[in-house]
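Q: I'm new to this one, could you walk me through it slowly?

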Amino acid sequence: MSAATEILVPGKAGEGQALVLTAPISFWGGVDPKTGRIADVRHPQHGETVSGRVLFLPGTIGSSSASAVLMELVHNGHAPAALVLHEPDAILLLGLIVAREMGWETPMAVRLGHGAFDAYRGSIVKVAGDGALTVAV
């Protein structure tokens, strides 16, 4: 299975176990930038780690600090392997852009339409340099 996407922020191609979030998340206070663990006890995926995973985000709960948390995840080596969003989130994606400008290797962020996330749940997912998503065999 593969899907065409739109590249939101270019970055390194990645591969990892899909983490399909079932609810939007706030990176500020919701994700521990030192470990990559979902720290928000109210989030359905509390305790899961985003590190090295292909992170499917149904949405974010906004704080302007989300970009700083994502940038810190990149710097600490705990960033997702790739980010897959329904809609662009300028504040969150700014973290990837700034990290790249700092010379750090950043994951790619892509857009995938509503309803397509569930097909990747539980799979190892590859995000190619052109943004295409495929399930690893």
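A: What follows goes through aromatic pairs, a helix, the cores, some strands and a few single residues.

A: This is a predicted model, in which local features need pLDDT of at least 70 and side-chain atom pairs count only at pLDDT 80 or more, while totals for chains, interfaces and linings use all residues. Residues are numbered from 1 along each chain as its sequence is written, and side-chain values use heavy atoms, with hydrogens and water left out.

Q: How many aromatic pairs does a search of the whole structure find?
A: The search finds two, where rings of Phe, Tyr and Trp (its six-membered ring) pair if their centres lie within 6.5 Å, and planes under 30 degrees apart count as stacked, over 60 as edge-to-face and the rest as tilted. In one of them, Phe-56 and Phe-117 have ring centres 5.2 Å apart and planes at 75°, so this pair is edge-to-face.

Q: Where in the chain do Phe-56 and Phe-117 sit?
A: Phe-56 is in strand 4 (residues 54-57) and Phe-117 is in the loop between strand 6 (108-111) and strand 7 (124-127), so the pair links distant parts of the chain, 61 residues apart. Helices (H or I, at least four residues) and strands (E, at least two) are DSSP runs, numbered from the N terminus.

Q: And what about Phe-56 and Tyr-120?
A: Phe-56 and Tyr-120 are stacked, with 5.4 Å centre to centre and 20° between the planes. Phe-56, Phe-117 and Tyr-120 form one aromatic cluster.

Q: Is Tyr-120 buried or exposed?
A: Tyr-120 is buried, with a relative accessible area of 2%, and Phe-56 is buried too, at 0%. Buried means under 20% relative accessible area, exposed over 50%, and partly exposed in between (1.4 Å probe, protein chains only).

Q: Switching to helix 1, which of its residues are buried?
A: In helix 1 (residues 66-76) the buried residues are Ala-66, Ser-67, Val-69, Leu-70, Leu-73 and Val-74. They cover an arc of only 165° around the axis, which puts them on the same side of helix 1; the arc is that of the directions from the helix axis to the C-beta atoms.

Q: What covers those buried residues of helix 1?
A: The cover includes strand 5 (82-85) and helix 2 (90-101), with contact meaning heavy atoms within 4.5 Å.

Q: How many residues are in the largest nonpolar core?
A: That core has 24 residues, and those with the most contacts inside it are Phe-27 and Leu-57. A nonpolar core is a set of buried Ala, Val, Leu, Ile, Met, Phe, Trp, Tyr and Cys residues joined through side-chain atoms within 4.5 Å. The largest share of this core, five residues, comes from helix 1. Apart from this core lies another, of 16 residues, among them Val-54, Ala-81, Val-110 and Tyr-120.

Q: What does strand 7 pair with?
A: Strand 3 (residues 14-20) pairs with strand 7 in the antiparallel sense over four bridges, and strand 8 (residues 133-135) pairs with strand 7 in the antiparallel sense over three bridges. Two strands pair if DSSP finds at least two bridges between them. Strand 7 and strand 8 form a hairpin with five residues between them, and Gly-131 in the turn has a positive phi of about 90°.

Q: How far is Gly-131 from Ala-13?
A: Ala-13 and Gly-131 are 7.7 Å apart in space, C-alpha to C-alpha, although they are 118 residues apart in sequence. Ala-13 lies in the loop between strand 2 and strand 3 and is partly exposed, with a relative accessible area of 37%.

Q: Last topic, is His-43 buried or exposed?
A: His-43, in the loop between strand 3 and strand 4, counts as buried at 6% relative accessibility. A polar atom of the His-43 side chain lies 2.9 Å from the backbone oxygen of Ala-23. Not counting residues up to four places away in sequence, His-43 touches Leu-21, Ala-23, Pro-24, Ile-25 and Ile-38.

Conventions:
Polar contact = N/O pair within 3.5 Å; in protein donor to acceptor, adjacent residues only side chain to side chain.
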